Amino acid sequence: MLICLSGRGWYQAWGQEAQELHPGDVVNIPAGVKHWHGAACDSWFQHLAIEVPGEEGCTEWCEPVDGTQYGQLK
């Protein structure tokens, strides 16, 4: 779960449109959903991430977000 505290950011699940995040926005991310999240290119982004441990689960860090795709988000 991501809770946007301040600034402006983005969340995008694999194969879906990016979702702009503002203070107070909450994103529930089910286990196994490949995604990225971070600050907008012209802002900083403060968030709280809450993880509920699952059985035989782990965090998998994937490839970096494509700079061209990221730069197109406004």
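**View 1. Val65 is partly exposed in this predicted model.** Its relative accessible area is 34%. Val65 sits in the loop between strand 6 (45–49) and helix 1 (67–71). Leaving out residues up to four places away in sequence, Val65 touches Trp36 and Tyr70. His47 is 18 residues from Val65 along the chain. The C-alpha atoms of Val65 and His47 are separated by 18 Å.

**View 2. The largest pocket has a volume of about 1300 Å³.** Two elements each give two or more residues to its lining: strand 2 (9–13) and strand 5 (35–39). Strand 5 supplies the largest share, three residues. In total, 34 residues line the largest pocket. Those nearest its centre are Ile29, Val33, His35, Thr59 and Glu60.

**View 3. The lining of the largest pocket holds nonpolar, polar and charged residues.** Nonpolar residues number 18. Another eleven are polar. Five are charged.

**View 4. The structure holds zero disulfides.** Cys41 is in no disulfide. Its nearest cysteine sulfur belongs to Cys4, 15 Å away.

**View 5. Cys41 and Cys62 are partly exposed.** Cys41 has a relative accessible area of 45%. For Cys62, the value is 40%.

Note on methods: Residues numbered from 1 in each chain as written. Predicted model: local features only at pLDDT ≥ 70, side-chain atom pairs only at ≥ 80, totals over all residues. Heavy atoms only, no water. Disulfide = S-S within 2.5 Å. Buried < 20%, exposed > 50% of the residue type's maximum accessible area, 1.4 Å probe, protein only. 1 Å grid on protein atoms, 1.4 Å probe; cavity = no way out; pocket = protein on both sides within 12 Å on 5 of 7 lines; lining within 4 Å. Points joined across faces, edges and corners; volume = space filled by probe spheres on them. Helix = DSSP H or I, 4+ residues; strand = E, 2+ residues; numbered from the N terminus. Nonpolar A, V, L, I, M, F, W, Y, C, P; charged D, E, K, R; others polar. Contact = heavy atoms within 4.5 Å.
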